[in-house]
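Try each task before you read its solution.

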Amino acid sequence: MAAYICTRFCINKFKDSVRFIPRRYRVKSKWAQTRPKFPSTTIALQNFDTTYSMQLGNLWPSVRVAMLSEQKYGALINNFSLTASIITSGLEAEGCIDFIGSHQHSKDSMSLHEDSAEVDVSKPAAHDPRINPDIKCLVFPKGDLSRFKPSRPDSSGLLGYYLLDAASVLPVLALDVQLGHTVLDLCAAPGGKTLALLQTHTVSYLWANDLSGSRTARLRKTLQSYLPREYLEENKIQISSFDGCKLGPTEEKRFDRVLVDVPCTTDRHSVMVEDNNMFNRSRTKERKSLPLLQIQLLMAGIQTARPGGDIVYSTCSLSQLQNECVVQQAIHQAQEVGISVQVQDLGWLTQCFSNTFYFAPQLSVGELVLPHLCANFGPIYMCKLRRSN
């Protein structure tokens, strides 16, 4: 009898609670359209926890924390601005360091020291390509989380610096553009690397291409904000919105240098921002097909390079499938069509800038900047290839 009364009481209480729920919300959970969706950032992080914990081992926990923390930026100085030198001095007064220029100074001091001392001729000289001194990128020191103020236009309307992940300048340095070179930037938008290439004042012709029309419009707007109109109106720069995969056969052996900064999972964006996230459920097929697209783009880049020309492949992902595996597969495919390419050592790059960036150890091919709390740049992967025939 007592059990019957208790059960009846619970049923009545349940009925009372239901009466407080408006009828329009009384739906089965599987029919509810207003349920919170599983965030793309959470899906991305779960995916990375599975793959990168195996790939990076003990390094992954610290990289994970850094990727979920505020990213550091660099200020790429615009040499076309009338106030470039004033802006550089002002940023240096705030404690910023030109990580490219500081390497040059340390190299010069080392040379002076070696001139005054006996040189050991038994040791081979390290391969250190000429780093163009016109590329200036200022960063706050390690551990300094200060943020750059938005750049202001000079009297001619040009902005003084471009904010970007400082590690994204490294593929441009690796490309080693020399005076009179023709350059193809195969996937150029939003334009940071394109702008860095033009700071060298060595490019005789630059073709900046991107498949997306909206991204190409953004690229054009970026260049208009940093380059004089008369410079853009010259025949030195071409901006287009073609499928980069199809440029290989049509532009074969045309360029001295080719930058292939491919679309990727953009790992840091994927764990931080919902908008345009590659891990959105609607983009699953697109994400899984990325390595194939990347191989096709790199193959096109290899085809457009002249014999003796260099190709730099880069991503902003930690994924081996999008980095080393793509490079190795593209080299294999190039050999099948009679094109010989060799991986170029970028060890000099890690030696030069190890005080600014944290590099992953022991990659099979290429170099990888790992996010780190004290130097929270990246991830940026880069590999340099040279076409020999």
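Methionine 272 sits in helix α11, residues 267-272; helices are DSSP runs of H or I with at least four residues, numbered from the N terminus. This is a predicted model, where local features need pLDDT of at least 70, side-chain atom pairs count only at pLDDT 80 or more, and totals for chains, interfaces and linings use all residues. Residues are numbered from 1 along each chain as its sequence is written, and side-chain values use heavy atoms, leaving out hydrogens and water.

**Exercise 1.** Classify methionine 272 as buried, partly exposed or exposed.

*Solution.* Start with the cut-offs: buried is under 20% relative accessible area, exposed is over 50%, and partly exposed is in between (1.4 Å probe, protein chains only). Methionine 272 has 43% relative accessibility, so it counts as partly exposed.

**Exercise 2.** Check whether the length of helix α2 fits its residue count.

*Solution.* Helix α2 covers residues 40-56, which is 17 residues. The expected span is 1.5 Å times one less than the number of residues, so α2 should span 24 Å. Its end C-alpha atoms lie 23 Å apart, which agrees. Next, look along the helix: α2 has a kink of about 30° centred on aspartate 49, the bend being the angle between axes fitted to the seven residues ending there and the seven starting there. Just after α2, glycine 57 has a positive phi of about 60°.

**Exercise 3.** Find what threonine 88 touches.

*Solution.* First locate threonine 88 in helix α4, residues 84-93. Threonine 88 is buried, because its relative accessible area is 12%. Leaving aside residues up to four places away in sequence, threonine 88 touches Ile77 and Leu138 (contact means heavy atoms within 4.5 Å).

Notes. Helices (H or I, at least four residues) and strands (E, at least two) are DSSP runs, numbered from the N terminus.
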